[in-house]
Number of protein chains: 2
Amino acid sequence: MDRIEVIKFGGSSLASVEHMRRASRIVLERRRSCGRVVVVVSAMGSRTNELLDLAYAAAAHPDERELDVIASSGEVVSAALFATLLRHQGQPARSVTAHRSGIATSAEHGNARIEDIDCGHLNSLLDDGVVPVVAGFQGLGPDGEVTTIGRGGSDTTAAALGHALRAAECLIYTDVPGIFTTDPRICPQARVLARVHYEEILELAALGARVIHPRAVEFAGKNRLLLRVLSTAEPERPGTVITFAKEDSMDQPAVTGIAYNVEEAKITLREVPDKPGIAASLFAGVAAKGIDVDMIVQNTAADKQADISFTVHRSQLRKALAAAEEIGAELKAKAVEATEGIAKISLVGAGMRGHAGIASRMFQTLAEAKVNILMISTSEIKVSVIIDLDKAELAVRKLHKAFGLDAEAEDGVIAPARAKA
Amino acid sequence: MDRIEVIKFGGSSLASVEHMRRASRIVLERRRSCGRVVVVVSAMGSRTNELLDLAYAAAAHPDERELDVIASSGEVVSAALFATLLRHQGQPARSVTAHRSGIATSAEHGNARIEDIDCGHLNSLLDDGVVPVVAGFQGLGPDGEVTTIGRGGSDTTAAALGHALRAAECLIYTDVPGIFTTDPRICPQARVLARVHYEEILELAALGARVIHPRAVEFAGKNRLLLRVLSTAEPERPGTVITFAKEDSMDQPAVTGIAYNVEEAKITLREVPDKPGIAASLFAGVAAKGIDVDMIVQNTAADKQADISFTVHRSQLRKALAAAEEIGAELKAKAVEATEGIAKISLVGAGMRGHAGIASRMFQTLAEAKVNILMISTSEIKVSVIIDLDKAELAVRKLHKAFGLDAEAEDGVIAPARAKA
């Protein structure tokens, strides 16, 4: 049986018909070197946001079902245009929307889960030598109505189709040449990783989420599907393979990349009388207001007083602070403080598991650069610190060098230092 | 059983969310005064053209099937936004696209015929007190793929649904207050007709086609469905009823309205040796090049030489002239001439059948106004003349007055003299 590839293009690779034409040439090329290809497309450029703007102009709280009808139309147009471009170049192709793709989802409009994929229609197109161009981000709910599977959902569509079709690889074409060791805008020495473990990508979220959606990565990792992130503008570059293979991690350096997030703010409850359940009360209360918490750190002082800090997205700071003050009063916290102007820097590496001393080397490097650490949190494959925003870029560059991530001459994949559009 | 109304809004009534909100208030009002309403919507403003522009940027000859996927998406978004607006105002509503509307069409993508309508889903929504908002212009072909039913197709969707649902009336909301006796931009005395026979509207094509698609009128006439043209901006005005009832025509004036078309050009073959089949050769040759011919006039001179003139749309003049020259040479025509800068003026009236002398009164009126007539053509309910373009507006005003069409004080529905946006 022929090798199957699923090839996904994001909105920035499809911003105009001209962009789409370039993307379609990649598909023709892949089709020549690989027997069967299935294309998955996002909506053109910012079309999804334009459509959502229309919906929210119609009603502050649009019906989720109608919202899905509106939002999914962007991918429908993309798919039909893309199929038109392929046909125009002599390649039989056909757009496949939610009603024919066989993607069955749960009923939760706006955030549906893919529950089953019937590949019958897609396989019959492939058997006929036709390239199916699947409208991403959408499926059919149990009642036969169109659903969408959440933002960034075309990546998930691609991964789910890759699994269902037993694809050899799922190629995610984006506007970057792969996954970088850190943000090349702030660290000119950043380079493209040839391979990255899917768990690392999940931890590198802030870095990776702009490139590929964590949900797709998680799905691919669990289902042992190879993903590859490539550049639509420079398709000749090898990109980054996102692998699920544990054995690979033995050879790789302890630190794979450095994530960088300046979108967070910190809230601290000082001197909370320490008794069982205080963290539970606090975060249950915060979650009840619909606030997502990222890092949580709790220290217990000698006199049975705990300091609890947590970070939230900046846009939720005001709401989070109100919740924290309310609960802080109940818990008899001495003070509740909010801090903006912070950055989260994370070292990520699956190889970190076997290496002691990564954290201490990180703290040492930051100390030498006179960077003060406000919060620390560690997981199996990540060490994160919160520092002042104005030291963030310096810290990334120092750490990038200290952990041997800087691009070397023989590497051949020096990252461009230019800022992304 | 409750009265059912089908209410259709065109693109100019849906140009923005704000336009849609006004339109949705009309639906709420109709719903209060009429038990059951089904809404049919076009795409927003010029969205269909924008979508087609994208398709033609992708390929000079896009695949018809993909073109239908692209073009139909405009109505899908409209329907979901409209349903959102109704729901936001407390009216249960649901968008219904090709996959659920029950509209089965022929397989001819881009110009499919509606072959059958299964009203099951629509009736179950109506039974539940829900207003179905049907995406116009689309259906499902025999292979389960989306088709479109040609430009202006939402009118046809509305008429076909009106018939299938046994609606009492089909309301077509537009950006004009009804069907005028003639173009109010060139004849300030033009007024809105309270009633017009469907055959008249078909003959008034140039006037009526901007308001309602002839295909929908023909369908409604044949199926004895009442249509009413109304203004979205001034819904309190009574509009124009398009009736199928023959008996009405007895009482009405001989001339109902004056159509006016400046989009045509004329080609004349001079002194063609007259023998059987010359017209057949000529127009078969012209049709083979995909050129639509409107008026055809042939005169035979005493010496067995015929002059044949015909009109085509201006945009097709060059192609038509090339065809006429080629065939003219074969037929040994003495000369082939093209004339631009012409206008077609038509008197239309179902009552014309019983009245002699309409044509001669028309020619007399034009002679008094010193308007030279280049071509004449008559049908059962129409007399058309081709005249010089620069006399066209004068001719319309003189004829409008001569045939008693000018608005009178007691009429109460004086047309606004302002130009349409």
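## Helix H11 of chain A

Six names open this report: the buried residues of H11(A) are A:Leu317, A:Ala320, A:Ala323, A:Ala324, A:Ile327 and A:Gly328. Viewed down the axis of H11(A), these buried residues fall within an arc of 135°, so they line one face of the helix. The general rule behind such a pattern is simple. An α-helix has 3.6 residues a turn, so residues three or four places apart point the same way. The model described here is predicted.

What does the buried side of H11(A) pack against? Its buried residues meet strand E14 (264-273), helix H10 (278-288), strand E16 (305-313) and strand E17 (335-339) of chain A. On the other side of H11(A), A:Arg318 and A:Ala329 are exposed. The helix covers residues 317-330, which makes 14 residues. From its first C-alpha to its last it reaches 20 Å, close to the 20 Å expected at 1.5 Å a residue. After H11(A) comes A:Lys332, with a positive phi near 60°.

## Helix H8 of chain A

Now take helix H8 (residues 214-222) of chain A. Its buried residues are A:Ala216, A:Val217, A:Ala220 and A:Gly221. Down the axis of H8(A), they fall within an arc of 130°, so they line one face of the helix.

The packing partners of these buried residues are helix H5 (153-164), helix H6 (198-203), strand E11 (227-231) and strand E12 (240-243) of chain A. Just after H8(A), A:Arg224 has a positive phi of about 55°.

## Where chain A meets chain B

How many residues does each chain bring to the contact? Chain A brings 36 residues and chain B brings 35 residues. The area buried between chain A and chain B is about 2900 Å². Carbon and sulfur atoms give 61% of that area. On the side of chain A, A:Ala58, A:Glu66 and A:Thr84 supply 17% of the area that chain A buries against chain B, more than any other three residues.

Polar links cross the interface too. Between chain A and chain B there are 13 residue pairs in polar contact. Which elements of chain A give two or more residues to the side that touches chain B? They are helix H1 (17-33), helix H2 (47-58), helix H3 (64-88) and strand E3 (93-96) of chain A. H3(A) gives the most, with 14 residues.

## Salt bridges between the chains

There are 6 salt bridges between chain A and chain B. One joins B:Arg94 to A:Glu145, with the closest N and O atoms 3.8 Å apart.

A:Asp63 and B:Arg87 also form a salt bridge, at 3.4 Å from N to O. This pair crosses between chains. A:Asp63 sits in the loop between H2 and H3 of chain A, while B:Arg87 belongs to helix H3 (residues 64-88) of chain B. B:Arg87 is partly exposed, with a relative accessible area of 37%.

## Salt bridges within a chain

Over all chains, the count of salt bridges is 52. In chain A, A:Asp183 pairs with A:Arg185, and the closest N and O atoms are 2.9 Å apart. Are these two residues buried or partly exposed? A:Asp183 is buried, at 8% relative accessible area. A:Arg185 is partly exposed, at 43%.

In chain B, B:Arg228 and B:Glu169 form a salt bridge, with the closest N and O atoms 2.8 Å apart. B:Arg228 lies in strand E11 (residues 227-231) and B:Glu169 in strand E9 (residues 169-174) of chain B, so the pair ties together parts that are 59 residues apart in sequence. B:Arg228 is partly exposed, at 22% relative accessible area. B:Glu169 is buried, at 8%. In chain A, salt bridges that share partners join A:Arg3, A:Glu5, A:Arg30, A:Glu169 and A:Arg228 into one network.

## Two single residues

A:Ala135 is in strand E6 (residues 131-135) of chain A. A:Ala135 is buried, with a relative accessible area of 1%. Leaving aside neighbours within four places in sequence, A:Ala135 is in contact with A:Val41, A:Glu75, A:Val76, A:Ala79, A:Val96 and A:Thr97. A:Val77 is 58 residues away along the chain, yet the C-alpha atoms of A:Ala135 and A:Val77 are separated by 8.2 Å.

B:Asn372 lies in the loop between helix H12 (358-368) and strand E19 (373-379) of chain B. Not counting residues up to four places away in sequence, B:Asn372 touches B:Ile386, B:Ile387 and B:Asp388. B:Thr148 is 224 residues from B:Asn372 in sequence and 44 Å from it in space, C-alpha to C-alpha.

How values were computed: Residues are numbered from 1 along each chain as its sequence is written. Chains are lettered from A and ligands numbered from 1 in the order in which they are written. This is a predicted model: local features need pLDDT of at least 70, side-chain atom pairs count only at pLDDT 80 or more; totals for chains, interfaces and linings use all residues. Side-chain values use heavy atoms; hydrogens and water are left out. Helices (H or I, at least four residues) and strands (E, at least two) are DSSP runs, numbered from the N terminus. The expected span of a helix is 1.5 Å times one less than its number of residues. Buried means under 20% relative accessible area, exposed over 50%, partly exposed in between (1.4 Å probe, protein chains only). The arc is that of the directions from the helix axis to the C-beta atoms. Contact means heavy atoms within 4.5 Å. Buried area is the accessible area (1.4 Å probe) that two parts lose on being put together, summed over both. A salt bridge is a side-chain nitrogen of Lys or Arg within 4 Å of a carboxyl oxygen of Asp or Glu. A polar contact is a pair of N or O atoms within 3.5 Å; within protein, one must be able to donate a hydrogen and the other to accept it, and residues adjacent in sequence count only if both atoms are side-chain atoms.
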